[in-house]
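Keep the 3D view open as you read.

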Amino acid sequence: MKGSLAQVWRKVQGCGDWEGLVSPSLHPLLREEIVRYGELVSACYKAFELNSSSSRYLSCKYGKGSMFEEVGMGGSGYDVTRYVYVTAPDIMTSIPSIRPGSCCRGRWVGYVAVASDDMTDRLGRRDILVTFRGTVTSQEWVANLMSSLTPARLDPGDPRPEVQVESGFLGLYTSNECGGSRFGLESCREQLLCEISRLLRKYKGEEVSISIAGHSMGSSLAHLLAYDISELGLNVMNNHVNSSRRTTTEHGHHRAPSSTVPVTVFSYGGPRVGNLGFKQRCEELGVKVLRVVNVHDPVTKLPGVFLNENFRVLGNYELPWSCSCYSHVGVEVLLDFLDVKNPSCVHDLDAYISLVRCPREEGIIHEDGVVGNIFERVMSNVVGNFELCRLRRAASGMVDQFLVQSQGAEFLMDNNFLGWMNCLALYMLM
């Protein structure tokens, strides 16, 4: 692939499913974009306030206008238009280890930004960016463990019950903040759809892309948002714009609107999000997902350690629980890094970015690479900064919860039981 990013941006964003750009080696332009979007996600961690004595506790430390400057990314080329908050699902109020009322509080999880004029010229389109950080608080860990599948039903006009996603991720995406809190927030979903719709209207005379990037839990939210936008058709530009509405850059380049705005997910160390029905529907809608995965990262094997895309069929026979098996979406860029002195780096976003930027010999395994048995390569290495004490308590609480919910359920056919199996698997991995 030849040409500048402005000329080939559609291919870099996944038009053609990155054919020839991932294997046999990462194309330089794609490598640069993976690093760039990863750094934009890392800004969420740098700006998140975890000091409980601060007035901005669980929010962003900085205002929208200064956030990039404060985290050392003043030249990012994006302007933040909205901060995004997430609220824990209602089920957490029944978990003994969660402090009453704490799950109702909105937590800053990321931001919406739009490319500046100069960046638009460099990229070849006006990029609408949404980024999500990964799991930080105990309530978010619990949501990650709620691994029973549930119908997404994000389009009320066509609920599609066969499209199922992890209930905890869906709860984080759709839950409202409880009344009486200081933010009085809408759900994460409502915040995002409102802002993205506004930006699409504002820039409907230009070539536009929607890029959604997330790490860990943030990757699951990115998947759900990309699916939601496409399922609702928000990225379909029905209103044709007259030629007089076209914009022109200082270099004289005209940008005409496309009928469909491409939606691309850049996932870093992300878990599975939904079942095969979810994967197939994303593909039908044209959602493009590039998953950057470390083969030693256990998070990328969850949920669905036991019940996943590799355990749906036996020979030519489709197993009875196949509809409840999790499945990854998109194209993989496989990395291979592990520091035995600091095993927690296997899930660290900065480690992901560093290896993509400056790959070591055999540090990147492409689509045709061979990945060893996850239990042989990870079980003895998963320790470190995963907040294991809190995560163990959360896992124990969720196992108890699923055991109660699964009483009397049909063996191996009940989603609560399948969720319990995934919780137990994660507990064992710890």
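We begin with the chain as a whole and then turn to its salt bridges.

This is a predicted model, so a word on the ground rules: local features need pLDDT of at least 70, side-chain atom pairs count only at pLDDT 80 or more, and totals for chains, interfaces and linings use all residues. Residues are numbered from 1 along each chain as its sequence is written, and side-chain values use heavy atoms, with hydrogens and water left out.

The chain contains 13 helices and 16 strands; these are DSSP runs numbered from the N terminus, with helices (H or I) of at least four residues and strands (E) of at least two. Of its 430 residues, 57% are buried. Here, buried means under 20% relative accessible area, exposed means over 50%, and partly exposed lies in between (1.4 Å probe, protein chains only). The chain exposes about 18,200 Å², with 49% of that supplied by carbon and sulfur atoms; the areas come from the Shrake-Rupley method with a 1.4 Å probe. Now consider contacts, meaning heavy atoms within 4.5 Å. Among those with a separation of 6 or more, 74% join residues 24 or more positions apart.

Next come the charged side chains. Side chains of opposite charge can pair when their charged atoms come close. A salt bridge is counted when a side-chain nitrogen of Lys or Arg is within 4 Å of a carboxyl oxygen of Asp or Glu. The structure holds 15 salt bridges.

Find helix α7 (residues 188–202), where Arg198 and Glu195 sit three residues apart, about one turn of the helix. Their closest N and O atoms are 2.7 Å apart, forming a salt bridge. Arg198 is partly exposed at 33% relative accessible area, whereas Glu195 is buried at 5%.

Which parts of the chain does the pair Arg281 and Glu231 tie together? The two side chains meet in a salt bridge (2.8 Å, N to O). Arg281 belongs to helix α9 (residues 276–285) and Glu231 to helix α8 (residues 217–232), so the pair links parts that are 50 residues apart in sequence. Arg281 is buried at 13% relative accessible area, and Glu231 is buried at 8%. Both also take part in a network of salt bridges that links them with Asp158, Arg160, Glu162 and Glu284.

Finally, look at two strands. Glu332 and Arg291 form a salt bridge (2.4 Å, N to O). Glu332 lies in strand β15 (residues 331–335) and Arg291 in strand β11 (residues 288–294), so this pair ties together parts 41 residues apart in sequence. Glu332 is partly exposed at 25%, while Arg291 is buried at 3%.
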